[in-house]
There are 4 protein chains.
Amino acid sequence: LGKGCIQMTLIQIDNYGPWTLSLGSGREPELQILQSELYADIQRLFSSKGGFVFYGRFDNMLAITNGINVDDHKEIQERVCQRFPVTISLGIGVGEYPTEAQENATRALQTQGSSQLEERRKVLAVKGQLATVDDGFVQIAHVDVNDSTAKITDNIPVYDAFMTMLKVHEILTREFREKKALVFFAGGDNFLVVSNGLREAEYEEVLETASRQVDLELKAGVGIGRSAIEALELASQSLDRVRASKENGFIQILTAPPVENKLWRR
Amino acid sequence: LGKGCIQMTLIQIDNYGPWTLSLGSGREPELQILQSELYADIQRLFSSKGGFVFYGRFDNMLAITNGINVDDHKEIQERVCQRFPVTISLGIGVGEYPTEAQENATRALQTQGSSQLEERRKVLAVKGQLATVDDGFVQIAHVDVNDSTAKITDNIPVYDAFMTMLKVHEILTREFREKKALVFFAGGDNFLVVSNGLREAEYEEVLETASRQVDLELKAGVGIGRSAIEALELASQSLDRVRASKENGFIQILTAPPVENKLWRR
Amino acid sequence: LGKGCIQMTLIQIDNYGPWTLSLGSGREPELQILQSELYADIQRLFSSKGGFVFYGRFDNMLAITNGINVDDHKEIQERVCQRFPVTISLGIGVGEYPTEAQENATRALQTQGSSQLEERRKVLAVKGQLATVDDGFVQIAHVDVNDSTAKITDNIPVYDAFMTMLKVHEILTREFREKKALVFFAGGDNFLVVSNGLREAEYEEVLETASRQVDLELKAGVGIGRSAIEALELASQSLDRVRASKENGFIQILTAPPVENKLWRR
Amino acid sequence: LGKGCIQMTLIQIDNYGPWTLSLGSGREPELQILQSELYADIQRLFSSKGGFVFYGRFDNMLAITNGINVDDHKEIQERVCQRFPVTISLGIGVGEYPTEAQENATRALQTQGSSQLEERRKVLAVKGQLATVDDGFVQIAHVDVNDSTAKITDNIPVYDAFMTMLKVHEILTREFREKKALVFFAGGDNFLVVSNGLREAEYEEVLETASRQVDLELKAGVGIGRSAIEALELASQSLDRVRASKENGFIQILTAPPVENKLWRR
């Protein structure tokens with residue numbers, strides 16, 4: 001695959017640490033509820049514009065935002081600040097690879113001052129030129145574990161299942177990072193890998209390595225689209241195909257036609 | 001510390017995999033929103049009765065439920081099933097140590113049939129005698145990273161910060177597991193360790209090991225109470241004390257008086 | 001029925017008008033969403049303690065709070081203020097009749113200064129001695145329309161159905177008010193009438209008057225309990241009985257045994 | 001003003017009555033929470049596409065949906081059914097006047113069978129040709145009460161304030177209905193009047209009649225736009241202008257330029 005760019009947005013709760021302390025010592029359940037509802041709302045707002053948000057550390061989240069411009073970001077920021085007792089800052093960055101995009105998104109925000117400065121609130125900072133739906137693309141692999149219900153959920157203690165997933169997460173993260181791709185846990189036995197520019201053989205290599213280390217078989221459906229939503233939809237379809245015909249290997253890739261044409265032309 | 005028992009509940013979405021597939025290929029944002037809102041609601045219901053829920057894999061969550069009886073569980077189960085398009089099953093278990101309690105909670109449910117059986121829905125299964133607020137206790141350590149804003153959030157790229165936390169998570173999980181304690185990520189730079197029966201020296205040992213491996217200083221506030229909520233509140237207070245007077249080491253423990261009396265008597 | 005007291009709480013969003021203006025001219029959908037979610041959350045908090053909240057004007061809500069003490073109110077107030085970008089003030093009042101209780105609840109708050117004073121925030125004011133679960137009771141009638149699906153929903157234009165319900169609302173409000181009872185719309189064709197001290201004949205009289213005026217048959221299930229939740233539950237059961245055996249008239253009353261004993265003794 | 005058309009959508013919870021009965025007698029708080037959250041979610045979905053939803057009877061809601069096509073409706077319906085334990089049916093209708101549009105929307109659905117038929121679920125029915133953003137318009141008046149904080153909120157008991165608003169609601173509904181306009185309560189002292197084709201003198205007439213009857217001064221900001229959201233935004237701006245310069249009467253009208261051009265041309 002040729003060049004192209006992915007746009008990512010860092011979503012940061014302003015001054016979160018000091019704010020949580022102000023809630024007193026009975027705060028923990030409230031904080032967990034707030035973090036979850038904040039994530040759900042932010043996901044709803046970005047995904048309605050074609051983006052997709054990963055919860056990350058909850059106080060710092062990361063979104064794929066190809067095709068979402070600065071005004072859209074401003075609108076989302078306003079809405080979140082109107083609905084919740086906290087404010088958020090946004091940093092937007094682009095890059096040829098996901099690792100680069102998130103670095104630029106972070107730098108955009110870090111140059112505006114510390115996240116704990118009382119006066120640094122509701123910042124919206126951009127590093128570089130944003131990606132339009134035409135000049136960039138998003139490539140996502142949806143990875144899951146074969147027979148995880150029988151082998152894990154119905155078989156081992158629940159916390160051991162958590163540890164297994166943590167292990168898979170850690171290995172995938174380490175291996176994909178070397179290929180400039182970012183791994184996120186998506187619940188159950190699912191992982192989403194933001195992986196612009198990766199080739200089929202590279203996925204195979206990582207999945208085989210990981211499968212060996214955790215003694216579980218992993219498979220992947222890859223989607224390439226103009227937006228996060230389009231890529232995710234194609235990734236789900238690819239994974240369904242792998243499920244349907246296991247003799248054809250453990251990876252399938254689907255590309256949205258407009259992206260295919262563009263990649264082809266270069 | 002002497003004997004005592006902790007009660008844990010496995011919360012499992014029934015037949016989740018097949019249900020998600022039925023939503024079609026554009027399902028990913030919806031699923032993330034549903035998982036978050038389901039967790040927020042379940043947290044709200046359990047914490048209003050003194051419990052606390054960890055999101056785990058989202059389709060399988062784990063709660064500390066000392067003092068919450070079978071009828072309370074039934075009521076919570078009903079409410080969740082009335083509010084969401086999915087049903088949940090619950091398995092309750094007790095144990096001297098958290099590892100044992102979660103094993104029993106899982107076994108209670110696993111003996112009722114596979115989580116993917118269409119006819120195994122809304123199960124409420126118990127293994128052993130439940131813990132009353134009088135005969136059990138909950139011990140939780142709240143661990144965080146010193147100066148994480150300056151060293152991590154304001155300093156390195158956001159995804160590298162995620163990887164740092166994943167690394168801390170993995171090390172703490174491995175080390176605490178040997179002491180029969182369970183580690184959960186709680187957002188930001190916070191971890192909660194369910195750790196009934198652990199002594200101060202054991203926390204020190206694990207934290208020192210972890211600190212060395214990730215080159216970051218960790219500290220902990222430990223709370224021991226009759227319920228998860230009471231333990232968490234004392235853990236937060238302990239951590240505030242560590243923050244206030246750093247010369248006194250990196251661990252503090254607070255115990256609710258009724259638990260102290262009981263532990264003393266044995 | 002003899003004497004007894006009902007406790008009501010006025011829940012008021014602080015300085016709401018000016019705050020909404022600050023959101024700019026595109027605010028309307030956001031405000032509607034915020035109002036609904038605020039109500040849902042406040043309902044969740046009060047009902048988990050045995051109370052029940054009516055949405056009223058949304059910026060001013062009214063709750064039945066027998067058995068919910070000042071500390072409980074404080075806790076609920078804190079939680080709401082932590083979850084939303086607005087703060088709320090609470091006024092608590094008791095009375096032999098609902099009209100009196102809400103008057104006292106209002107007066108408690110109105111004596112603290114105007115709802116638009118920037119410095120009057122998060123007030124918690126009480127007028128008189130609160131009602132314990134033992135010395136008060138709650139009497140609620142659940143009123144609905146016979147055959148409303150066939151006659152209204154499936155039969156007339158939707159806005160005409162809204163107007164029909166508005167008409168029923170208006171007549172019930174006027175007639176019950178003369179008997180010191182408060183009427184609230186509860187969705188669909190349902191009304192809840194807070195009506196401590198009303199006798200069966202009085203319900204019959206009002207329902208017959210209203211039925212004649214709107215040319216629809218109304219029926220009622222009345223519940224008398226120690227808390228709003230208990231009264232509502234008995235009211236639902238009463239209404240189910242009216243539905244099951246229509247030859248026995250259009251009103252049934254069920255009283256929780258502890259309340260019956262107490263009322264009897266006087 | 002000349003001709004044009006408004007599009008309205010009836011949103012109906014399928015088989016709601018029987019479903020609520022299935023929840024048992026402790027259902028009331030849950031139902032209120034569900035109704036509010038369902039409304040909030042549906043408002044969020046329609047308003048993100050330029051529409052606006054009125055909660056109506058909660059089990060039957062009414063939305064202005066100019067510019068929202070059948071596929072958009074289908075998508076919204078799917079999302080709601082995925083998030084909640086109930087399903088919804090939608091009926092879409094257009095008309096020169098709001099009264100006509102809601103009649104057509106209702107008829108579209110009523111011809112598909114009773115709302116209580118178990119097999120009539122998730123219907124999406126259309127009566128006539130939908131309104132594009134170019135061939136229709138939306139006219140909304142935002143009405144409120146002068147000095148309502150001083151005269152009502154800070155002055156009279158809270159339930160009396162509810163009754164005052166109910167009275168205003170009832171009078172406005174009756175008077176505007178004769179002019180084929182639909183009135184909805186929007187919280188606080190606010191009413192929204194869907195009123196395509198009404199002239200300034202007609203608003204004046206109704207407002208003066210109502211003001212006299214309730215002994216309160218009413219004012220209105222009218223907005224005319226291509227979508228509900230545009231009309232509401234202009235209505236808010238108009239109302240702000242009335243507030244700013246009271247000597248200029250109690251009504252202002254703002255029209256979006258593209259609509260003005262179109263109305264002018266006819």
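View 1. A residue is called buried if its relative accessible area is under 20%, exposed if it is over 50%, and partly exposed in between, with a 1.4 Å probe and protein chains only. The model is a predicted one, in which local features need pLDDT of at least 70 and side-chain atom pairs count only at pLDDT 80 or more, whereas totals for chains, interfaces and linings use all residues. Residues are numbered from 1 along each chain as its sequence is written, chains are lettered from A and ligands numbered from 1 in the order in which they are written, and side-chain values use heavy atoms, with hydrogens and water left out. C5(B) is buried, at a relative accessible area of 18%, and C81(A) is buried as well, at 12%. A disulfide would require a pair of cysteine sulfur atoms within 2.5 Å; the closest cysteine sulfur to that of C81(A) belongs to C81(C) and is 18 Å away, too far for a bond.

**View 2. Chains A and B about their axis, related by a turn of 180°.** With the copies superposed by least squares on the C-alpha atoms of residues with pLDDT of at least 70 in both, chain A can be laid on chain B with an RMSD of 0.0 Å and a shift of 0.0 Å along the axis. This relation is that of a two-fold axis. Within chain A, the C-alpha nearest the axis belongs to S36(A) and is 2.6 Å from it. Both copies use the same surface, since 100% of the contact residues of chain A recur in chain B, where contact means heavy atoms within 4.5 Å.

View 3. Rings of Phe, Tyr and Trp (its six-membered ring) pair if their centres lie within 6.5 Å, and planes under 30 degrees apart count as stacked, over 60 as edge-to-face and the rest as tilted. In chain B, Y159(B) and F162(B) form an edge-to-face pair, 6.0 Å centre to centre with 70° between the planes. These two residues are three apart in helix α6 (residues 158-177) of chain B, and are therefore separated by about one helical turn; helices (H or I, at least four residues) and strands (E, at least two) are DSSP runs, numbered from the N terminus. Y159(B) is buried at 2% relative accessible area, and F162(B) is buried at 10%. In chain D, by contrast, F54(D) and F184(D) form a stacked pair, 3.8 Å centre to centre with 10° between the planes. F54(D) belongs to strand β2 (residues 52-54) of chain D and F184(D) to strand β7 (residues 182-185) of chain D, so that the pair ties together parts 130 residues apart in sequence. Both F54(D) and F184(D) are buried.

**View 4. H169(B) in helix α6 of chain B.** With a relative accessibility of 15%, H169(B) counts as buried. When neighbours within four places in sequence are left aside, H169(B) is in contact with V183(B), F184(B), F185(B) and F191(B), and also with L166(A).

**View 5. The open five-stranded sheet of chain D, with strand order β7-β8-β6-β9-β10.** Pairing in this sheet is mixed, two strands being counted as paired if DSSP finds at least two bridges between them. Strands β7 and β10 (251-255) of chain D form the edges, each pairing on one side only, and the twist from one strand to the next averages 20°. Strands β6 (residues 138-145) and β8 (residues 190-194) of chain D run antiparallel and are joined by five bridges, with D144(D) standing opposite N190(D) in β8(D). Helix α8 (residues 228-244) of chain D lies across β6, β8, β9 (218-225) and β10 of chain D and runs at about 145° to β9(D); axes are lines fitted to C-alpha atoms, for helices over the stretch in contact, and angles run from 0 to 180 degrees between N-to-C directions.

**View 6. Strand β6 (residues 138-145) of chain A, largely enclosed by the rest of the structure.** Eight of the eight residues of this strand are buried. V138(A), I140(A), H142(A) and D144(A) point one way from β6(A), while Q139(A), A141(A), V143(A) and V145(A) point the other way. β6(A) is joined by eight bridges to strand β9 (residues 218-225) of chain A, the two running antiparallel, and D144(A) stands opposite K219(A) in β9(A). β6(A) also pairs with strand β8 (residues 190-194) of chain A in the antiparallel sense, over five bridges, and there V143(A) stands opposite F191(A) in β8(A).
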